[in-house]
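Reader: Could you walk me through the side-chain packing and the charged pairs in this one? I have the sequence and the model open.

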Amino acid sequence: RNKMAKLTDIFRSNVNALMKKFENPSYLVDLKLDDAKEEIKKVQQELGNIKAEEMAVQRKVDSIKEQMAEYENLAQMAVEKGNDEDALKFIRKKNEFLQELENAEKLYETSKKNSKAIENIYNQLEEKIKSMASDASVIKSQMSIAKAQEKINDITSMAKNSNSVISEFDNLKNEAQKRLDAANAIANLDKGEDEIEELKDKYENKNTQRDMEELEQLKAKLGK
């Protein structure tokens, strides 16, 4: 059971690593370049096969022509010796190769045409791969710059969000200060009213004492 779990973890790790590679633009650039190189290898191999076939057919044509030239030379020698019958036999033998030569030459032209077409494809692919290899560094550089800019954009966005939070915090701070100021103002107002009441009581009490003294003086005057 533990072994199976370990294998599962390894598999997940490998999958995650592969996914990270596919998320890496540089890896994708190299991957595409490698794919193109594999394709040109196949074309190169096919070109080699066709070239070999072309050379084989060429040798076949040359061999037929050599045999025909040999019989023609024998016919000429027979004529020079006055042996027309033998010369005719050599001519007939030479002409037996005419159809074979025609077929071989047609096959050679076809092979040569195919070889030229594949060679053109190969040359085009080779130039394209050279261009891709040259552009790969540019693409990687652009990807790196883009990635860096994306990070800056993310940080800028985070900063904007932070500014919004800070602004909201400052608003709360200002609101708290306003409420505190208002509460202090009310408290000071109440305190002021209490002081007035104390002063009022003070003076009212003083007047009452004076009235009592005046009453006593009046009673003493009247003998009461």
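**A buried charge, the cores and the pairs**

Author: Glutamate 54 is buried (under 20% relative accessible area, with exposed being over 50% and partly exposed in between, using a 1.4 Å probe and protein chains only), yet glutamate 54 has no salt bridge, and the nearest side chain of opposite charge, lysine 51, is 4.2 Å away. A salt bridge here is a side-chain nitrogen of Lys or Arg within 4 Å of a carboxyl oxygen of Asp or Glu, and for opposite charge Lys and Arg count as positive and Asp and Glu as negative, while His and the chain ends are not counted.

Reader: Before going on, what should I know about the model and the numbering?

Author: This is a predicted model, in which local features need pLDDT of at least 70 and side-chain atom pairs count only at pLDDT 80 or more, whereas totals for chains, interfaces and linings use all residues. Residues are numbered from 1 along each chain as its sequence is written, and side-chain values use heavy atoms, with hydrogens and water left out.

Reader: Okay, which residues is glutamate 54 in contact with, leaving aside neighbours within four places in sequence?

Author: Glutamate 54, placed in helix H2, is in contact (heavy atoms within 4.5 Å) with Tyr108, Ser111, Lys112 and Ser115 once those neighbours are set aside. Helices are DSSP runs of H or I with at least four residues, strands are E runs of at least two, and both are numbered from the N terminus.

Reader: And serine 111, is that buried or exposed?

Author: Serine 111, which lies in helix H4, has a relative accessible area of 3% and is therefore buried. Not counting residues up to four places away in sequence, serine 111 touches Ile50, Glu53, Glu54 and Val57.

Reader: Switching topic, which residues make up the largest nonpolar core?

Author: Nine residues make up that core: Leu33, Ala36, Ile40, Val43, Leu47, Ile50, Ile118, Tyr122 and Ile129. Helix H2 (25-80) and helix H4 (98-222) are the elements that give two or more residues to this core, and the largest share, six residues, comes from H2. A nonpolar core means a set of buried Ala, Val, Leu, Ile, Met, Phe, Trp, Tyr and Cys residues joined through side-chain atoms within 4.5 Å. Apart from this core lies another, of eight residues, among them Val57, Phe97, Leu101 and Ala104.

Reader: How many aromatic pairs does a search of the whole structure find?

Author: The search finds one, formed by tyrosine 71 and phenylalanine 97, which are stacked at 6.1 Å centre to centre with 25 degrees between the planes. Tyrosine 71 lies in helix H2 and phenylalanine 97 in the loop between helix H3 (84-95) and H4, so the pair ties together parts that are 26 residues apart in sequence. Rings of Phe, Tyr and Trp (its six-membered ring) pair if their centres lie within 6.5 Å, and planes under 30 degrees apart count as stacked, over 60 as edge-to-face and the rest as tilted.

Reader: Back to charges, how many salt bridges are there?

Author: The count comes to eight salt bridges. One of them joins lysine 65 and glutamate 105, with the closest N and O atoms 3.8 Å apart. Lysine 65 lies in helix H2 and glutamate 105 in helix H4, so this pair ties together parts that are 40 residues apart in sequence.

Reader: What about lysine 41 and glutamate 38?

Author: Lysine 41 and glutamate 38 also form a salt bridge, the closest N and O atoms being 3.8 Å apart. These two are three residues apart in helix H2, so about one helical turn separates them.
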